[in-house]
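Let's take a walk through a protein fold together. Have the sequence and the 3D view open as you read.

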Amino acid sequence: MARVEGIAASDEQPKLVSAYGVGSGDVVVGLLRDGGADAGFVRLPIDRDGLSVIPLYVETTVVVVPKDHAVTAADEVSLADLTDDEVLHPLDDTIEWTARPGQPAFTRPPTTANAVELVAAGTGLLLVPQSLARLHHRRDVTYRPVTDAPQSQVALAWPKDATTDLVEDFIGIVRGRTANSSRGRTPASPAEKPAQRQAQKTAKNGSARRAVPASRKRKGNRPR
């Protein structure tokens, strides 16, 4: 079953859904079009019809291996280093391959999570975006970057006809702006705190008082 991670909506937050565990993003795209979410993180490519899409970043591809595998001796590997290994190809694979690396595995697991279990059992290796390797982390497996493997791009998507102020604020936050600076909208001034008003009043009253001269003469006894 495809994994979908979501964030509940509030009056100040759009309904957000993540496709980090979804193979092609089809589930998230369906939610966006059906009104089940206001915006979503997806892996490209997706069907962009009716959607606005902002590419965010490209992920490093890694190979997931048992902890005692030979490739763990290196900090990073190439596809040529995996030529003699059986490489699993799950049905929800998120990487677009022109040619599959390594040797074909004996089976195609239905999900990435199932594939990681097979890696832990020593029946093959798995190439995935780094975030998926972290998501499905186990103590008996590890991973190494693959320098020449295709990469996966993550994007933010939302319906074109549902670009609300909240969605625009969220887009701005994703792009590095604050909610108050998004799209140049002017934030409402917060109400003054009672303590601040009292301090201002005290300062005003104090400035209105007449200063007492420091050199004022003291009255002494008159000589007889």
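Start just after helix α2, where Gly122 takes a positive phi of about 80°. Before going further, keep in mind that this is a predicted model.

Helix α2 covers residues 112–120, and its buried residues are Thr112, Ala115, Val116 and Val119. Look down the axis of α2 and you'll find these buried residues within an arc of 100°, so they line one face of the helix.

What do the buried residues of α2 pack against? They pack against the strands β5 (61–66), β6, β8 (125–129) and β9 (141–145). The helix lies across those four strands, β5, β6, β8 and β9, and runs at about 140° to β8.

**The sheet under the helix**

Now for the sheet itself. It's an open sheet of five strands in the order β7-β6-β8-β5-β9, and the pairing is mixed. At the edges stand β7 and β9, each with a single partner strand, so one side of each is left without a neighbour in the sheet. As a reminder, strands of a sheet pair through backbone hydrogen bonds, either parallel or antiparallel.

Next, find β10, residues 152–159. Is this strand mostly buried or exposed? Seven of its eight residues are buried, so β10 is largely enclosed by the rest of the structure.

| Strand pair | Sense | Bridges | Residues facing each other |
|---|---|---|---|
| β6 and β8 | parallel | two | Leu88 and Leu126 |
| β3 and β10 | antiparallel | four | Val42 and Ala155 |
| β4 and β10 | antiparallel | eight | Ile54 and Leu156 |

Between β3 (39–43) and β4 (51–59) there's a loop, and Pro45 sits in it. The peptide bond that joins Leu44 and Pro45 is cis, with omega at about 5°.

**A buried aspartate**

Another loop deserves a visit: the one between β6 (86–88) and β7 (103–104), which holds Asp93. Is Asp93 buried or exposed? Its relative accessible area is 18%, so Asp93 counts as buried, because the cut-off for buried is under 20%. What does its side chain reach? One answer is the backbone nitrogen of Ile95, at 3.1 Å. The side chain of Asp93 also makes a polar contact of 2.8 Å with the side chain of Arg100.

In α4 (residues 165–174), the buried residues are Val167, Glu168, Asp169, Phe170, Ile171 and Gly172.

**Stepping back**

Finally, zoom out to the whole chain. How many helices and strands are there? The protein chain has five helices and ten strands. Of its 224 residues, 37% are buried. The chain exposes about 14,300 Å², and carbon and sulfur atoms supply 49% of that area. Take the contacts between residues at least 6 apart in sequence: 59% of them join residues at least 24 apart.

Note on methods. Residues numbered from 1 in each chain as written. Predicted model: local features only at pLDDT ≥ 70, side-chain atom pairs only at ≥ 80, totals over all residues. Heavy atoms only, no water. Buried < 20%, exposed > 50% of the residue type's maximum accessible area, 1.4 Å probe, protein only. Polar contact = N/O pair within 3.5 Å; in protein donor to acceptor, adjacent residues only side chain to side chain. Contact = heavy atoms within 4.5 Å. Areas by Shrake-Rupley, 256 points an atom, 1.4 Å probe, with all protein chains shown as cover. Arc of directions from axis to C-beta. Pairing = 2+ DSSP bridges. Axes fitted to C-alpha atoms, helices over the stretch in contact; angles between N-to-C directions.
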